[in-house]
Amino acid sequence: MSIIKSTDETFKKIIKENKLVLIDFWAPWCSPCLSLSPILEEIDKELDNKIVIAKHNIDEEVNIPSSEAVRGIPTMQIYKDSVLVDTIVGLTNKSNLTEKIKAHITE
């Protein structure tokens, strides 16, 4: 699966229709957000079919970041069975992020 785009309209649908979802709240002017993108792409390939990764541009789609209390970017939220189970704020490395995601994967 490839990384999908989340919008204010599709956000709830993405979370509801997938067992495990990581939403990356980002903006094109945010350097740490841009550094995070290749990490998310690698994780997406490695954990194929175990998690859906979606990117939500906070400049283009402003309602969901407000309702989700996103205060800084990058902010990543992990949802399992439509429930928020983890939030990661700021740039992190691949191993930390993979570890956090794998904690929520049920075989």
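Leaving aside its neighbours within four places in sequence, which residues is N57 in contact with? Point 1 takes up this question, after a word on the model.

This is a predicted model, in which local features need pLDDT of at least 70 and side-chain atom pairs count only at pLDDT 80 or more, while totals for chains, interfaces and linings use all residues. Residues are numbered from 1 along each chain as its sequence is written, and side-chain values use heavy atoms, with hydrogens and water left out.

1. N57 is in contact with W26, A27 and P28, once its neighbours within four places in sequence are set aside, where contact means heavy atoms within 4.5 Å. The residue has its place in strand 3, residues 52-57; strands here are DSSP runs of E with at least two residues, helices are runs of H or I with at least four, and both are numbered from the N terminus. Because its relative accessibility is 6%, N57 counts as buried, a term that means under 20% relative accessible area, with exposed meaning over 50% and partly exposed in between, for a 1.4 Å probe and protein chains only. From C-alpha to C-alpha, N57 lies 11 Å from F11, and these two residues are 46 apart in sequence.

2. Q77, in strand 4, has a relative accessibility of 2% and therefore counts as buried. Leaving aside neighbours within four places in sequence, Q77 is in contact with F11, V21, L22, I23, F25, E68, L84, D86 and T87.

3. D86 lies in strand 5 and, because its relative accessibility is 17%, counts as buried. The loop between strand 4 and strand 5 holds D81 and S82. Phi of D81 is near 50° and phi of S82 is near 70°, each a positive value in a residue other than glycine. Most residues other than glycine have a negative phi, and most peptide bonds are trans. At 46% relative accessibility D81 counts as partly exposed, and S82, at 38%, counts as partly exposed as well.

4. A further backbone feature is the peptide bond from I73 to P74, which is cis, with omega near 0°. P74 is placed in the loop between helix 3 (63-67) and strand 4 (75-80).

5. What do C30 and C33 form? They form a disulfide, with their sulfur atoms 2.4 Å apart, and the count comes to one disulfide under the rule that a pair of cysteine sulfur atoms must lie within 2.5 Å. The link of C30 and C33 is right-handed, with 80° about the S-S bond, and both cysteines are buried.

6. Helix 2 (residues 31-46) and helix 4 (residues 94-102) have axes that come within 10 Å and cross at roughly 45°; the axes are lines fitted to C-alpha atoms, for helices over the stretch in contact, and the angles run from 0 to 180 degrees between N-to-C directions. The two helices are therefore oblique to each other, given that angles under 35 degrees count as roughly parallel, over 145 as roughly antiparallel, 65 to 115 as roughly perpendicular and the rest as oblique. Helix 2 passes helix 4 in a right-handed crossing, that is, one in which the near helix is turned clockwise from the far one by less than a right angle.

7. On the side of helix 2, the residues that meet helix 4 are L36, I39, L40, E42, I43 and E46, and their partners in helix 4 are K94, L97, T98 and I101. The residues of this contact divide into six nonpolar, one polar and three charged, where Ala, Val, Leu, Ile, Met, Phe, Trp, Tyr, Cys and Pro count as nonpolar, Asp, Glu, Lys and Arg as charged, and the others, Gly among them, as polar.

8. T92 lies in the loop between strand 5 (83-89) and helix 4, and at 17% relative accessibility T92 counts as buried. Not counting residues up to four places away in sequence, T92 touches L36, I39, M76 and L97. The C-alpha atoms of T92 and L40 are separated by 11 Å, while the two residues are 52 apart along the chain.
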